[in-house]
Amino acid sequence: MLLKKFAEYLKSQPEAGMFHVVRQQGPYGDDDSASLSQAEPTVSSARVVEGDGTMRTSSVGAPVKPRFCYFLDGTQRTHVPCYFSMLPLVYGFIGAVIRRRGDDRLMCTFIKESRENLYYPTTHASCEGMRSSGIDIRDVDEWAKGKLDPASAHPAQIKLAAQQAISNDRAKLEYQLAETWTERCSPDEWMLWDGSITGSVKTREHPRIVGVVKSHQTQYFETMDQMKVLSLKVGERSSVFEPKGREWSPVYSWYLRLHPNAGRDVYFGLIRVEAAARPEMVEMADEISQWLLGERAPLALPDGRWDRMIYPIRDCEQYLKSIAPSRVMIESALAGIG
């Protein structure tokens, strides 16, 4: 574990006085992906590519047996084990997995990957001692492309920049696994991805990769059309559209209501589906939606996002949780360091 190596380094170095170790922290989530969904709401635009270009809603028909047999998800954890020169040094764990569902409906791991790093603005203080001891340090300021001035930045800004860098590394890891899958999959196999498929040419253009976006921080339509989206009934979808502003990463997308939201929030049970920007995906929008409706049982309980999450994705999350360092493991690695 990286933090154990880091703890041994602190015990052996005379400059350890520059480090303020944080052995115990307040409560934090098991998966920082939840906090990522709290991004600032944004308004974008989209072009309807189905029919006459008008936003419409329609029933997709009865659920059918899903053809998805592979499922991809990722996770990340962050922790601040210490402050170096009174700026936060952030520990980041990232992991991703593709799980396969067999004919017996049992899940097994197809491919997995995990990494851990420390993140710090290295222009503020020399990290050569740690690097020479085999402790990898990712430069937060380099990731922020020089927009962060460690000499005057608030520590909270550095934490946020580190979290964003960790999130970026996690996304890259997911795309690496997805691209590996594209090289190994059979011509009739489909994969469902928990998240957007847009970050890689191989993934966004693949005809059998479907992404499910559970958060709705970006609104693509003006009020009247947005009302149609939010008024979807269970088993109904919106017209297929192409989000604008993605000239280099075009995809087709549509909204689908998985569970009834009577008496609940307008976003309850609402997901946004992403697929390759191919004409055949417009034709398959109903069928793919029927597969997703067929994935609603068993419910992904006790996860609080069960209304927008299918059970195999929860299985991926539980697997990733089992390989990620727990809070106890992280804090025990730093035990005994003053």
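W291 is buried (under 20% relative accessible area, with exposed over 50% and partly exposed in between; 1.4 Å probe, protein chains only), its relative accessible area being 1%. The model is a predicted one, in which local features need pLDDT of at least 70 and side-chain atom pairs count only at pLDDT 80 or more, while totals for chains, interfaces and linings use all residues. Residues are numbered from 1 along each chain as its sequence is written, and side-chain values use heavy atoms, with hydrogens and water left out.

The whole structure holds 10 aromatic pairs; rings of Phe, Tyr and Trp (its six-membered ring) pair if their centres lie within 6.5 Å, and planes under 30 degrees apart count as stacked, over 60 as edge-to-face and the rest as tilted. One of these pairs, F68 and W291, is edge-to-face, at 5.4 Å centre to centre and 90° between the planes. F68 belongs to strand β5 (residues 68-84) and W291 to helix α8 (residues 279-294), 223 residues apart; helices (H or I, at least four residues) and strands (E, at least two) are DSSP runs, numbered from the N terminus. F68 is also buried, at 2%.

F241 and Y255 are stacked, with 5.6 Å between centres and 25° between the planes. F241 lies in strand β13 (residues 241-243) and Y255 in strand β14 (residues 251-257), so the pair ties together parts 14 residues apart in sequence. F241 is buried at 0% relative accessible area, and Y255 is buried at 2%. Ring pairs join Y220, F221, F241 and Y255 into a cluster.

The count of disulfides (pairs of cysteine sulfur atoms within 2.5 Å) is 0.
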